[in-house]
Amino acid sequence: MKHLLVIFLTLSLNTVLAHDDEHANLGDRATELKDEGKSKDIHPSLDEIRKMHPEFLLHRRDQTLRQGVRTQRDSLKGCVDCHSSTKNDEYVPINAPDQFCSTCHQKVGISLDCFSCHRTTPKEGL
Amino acid sequence: MNKELNRRDFLKNTTAVTAGVATIASGITLTTFAANDNPVTNEKRWGMLVDTNKLTESNINDMVNACQEENGWGSEIHSTGHQKPSWIKKIKVKDKVTGKIDMLPMMCQHCEHPPCVDVCPTNASMKREDGIVLVDKHLCIGCRYCMMACPYDARSFVHEDLSNQKEHMPRGKGTVESCTMCVHRVDKGEMPACAEAVSSNGVIFGDLYDANSKINQTLRKIQSTQIRADLNLNTGVRYSGI
């Protein structure tokens, strides 16, 4: 009985941890950076970026459009650049159902409207 | 020295140390981010001088094409006739008495007192500190009051779903758009695409306030005009030769 309990607890803990750290589809560039161990340079705290990214983007958009402050930090372009993935040598739109942005937003029931205007793939061409 | 550290001293010391660290830290943060984070100011006023005598019809076509290429408009397939966006267009003006024909490019005139900004109910139509008039599409509800208010017919409404927009120029159905004076290029220190497309001095872009700029010096010397100057909008785009 005790053994079973230990196995059960280990399994459930694994599931929790695995769910916490892994993302279904991180995107090509982001996966590279993560493998190189550089992801912390871009997002020092995962919790922060997960919770606060709407605020960062909102703040950045007003600064960029209205005040002409154009830095890479917290720009939507930056998100798309790293978190897009390729299929058959072509970029998949980042708002497609199984892509980086949509996986979470679908899960939590957020309909996002960035990409009716913003480009869904990095730059022009590949 | 066997001075016992009491609670009051401990707190005093700790506070002093913490404050010191905070000051240093904030100093570093400020210096690190100050480099790229300078908002535009009203010390500049971007403007353009179009000399119609130096522009041929093909020059104007080049300007329109360059704008389309740069900003990604003009390939809308479902929009018909007047629905099609036109950020910049070729206008033909004919003097009925003499029959003299002038061709000129017409786009947003980037007024100092823009009527489109006055009428916008959501503050989406806006003027930057450096005089560039833009639409904040995040706030635009597509009411099109600004299109009616604009004396130059410079604005367009996007009637259809778009994809594959330019990375630097988001555009979408249900919002109004117009010439941005290639704001993304200007912020990088470059010229608008239309001005760059004309190799002659037909279009001069620059800072109207800067006494050393080519546009300022040329405007001092030659006769120029604002279209519908009677409206007192003080446009940023000026014309000579008409």
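What share of the contacts in chain A with a separation of 6 or more comes from residues 24 or more positions apart? The share is 55%, where two residues are in contact if their C-beta atoms, placed from the backbone, lie within 7 Å. The model is a predicted one, in which local features need pLDDT of at least 70 and side-chain atom pairs count only at pLDDT 80 or more, while totals for chains, interfaces and linings use all residues. Residues are numbered from 1 along each chain as its sequence is written, and chains are lettered from A and ligands numbered from 1 in the order in which they are written.

Chain A contains six helices and two strands, taken as DSSP runs numbered from the N terminus (H or I, at least four residues, for helices; E, at least two, for strands). Along the sequence these elements follow the pattern α-α-α-α-α-β-β-α. Of the 126 residues of chain A, 16% are buried, a residue being buried if 20 or more other C-beta atoms lie within 10 Å of its own, exposed if 12 or fewer, and partly exposed in between, with C-beta atoms placed from the backbone.

In chain B, helix α2 covers residues 57–71, and its end C-alpha atoms are 21 Å apart, in agreement with the 21 Å that its 15 residues should span at 1.5 Å a residue; the expected span is 1.5 Å times one less than the number of residues. The buried residues of α2(B) are B:Asn59, B:Ile60, B:Met63, B:Cys67, B:Glu70 and B:Asn71. Seen down the helix axis, these buried residues fall within an arc of 100°, so they line one face of α2(B); the arc is that of the directions from the helix axis to the C-beta atoms. An α-helix has 3.6 residues a turn, so residues three or four places apart point the same way. The cover over the buried residues of α2(B) includes β2 (88–94), β3 (101–107) and α6 (193–197) of chain B, whereas the face turned away from the buried side carries the exposed residues B:Glu57 and B:Ser58. After α2(B) comes B:Gly72, with a positive phi near 75°.

Chain B also has an open sheet of three strands in the order β8-β1-β9, with mixed pairing, two strands being paired if DSSP finds at least two bridges between them. Because β8 (203–207) and β9 (237–240) of chain B stand at the edges with a single partner strand each, one side of each is left without a neighbour in the sheet.
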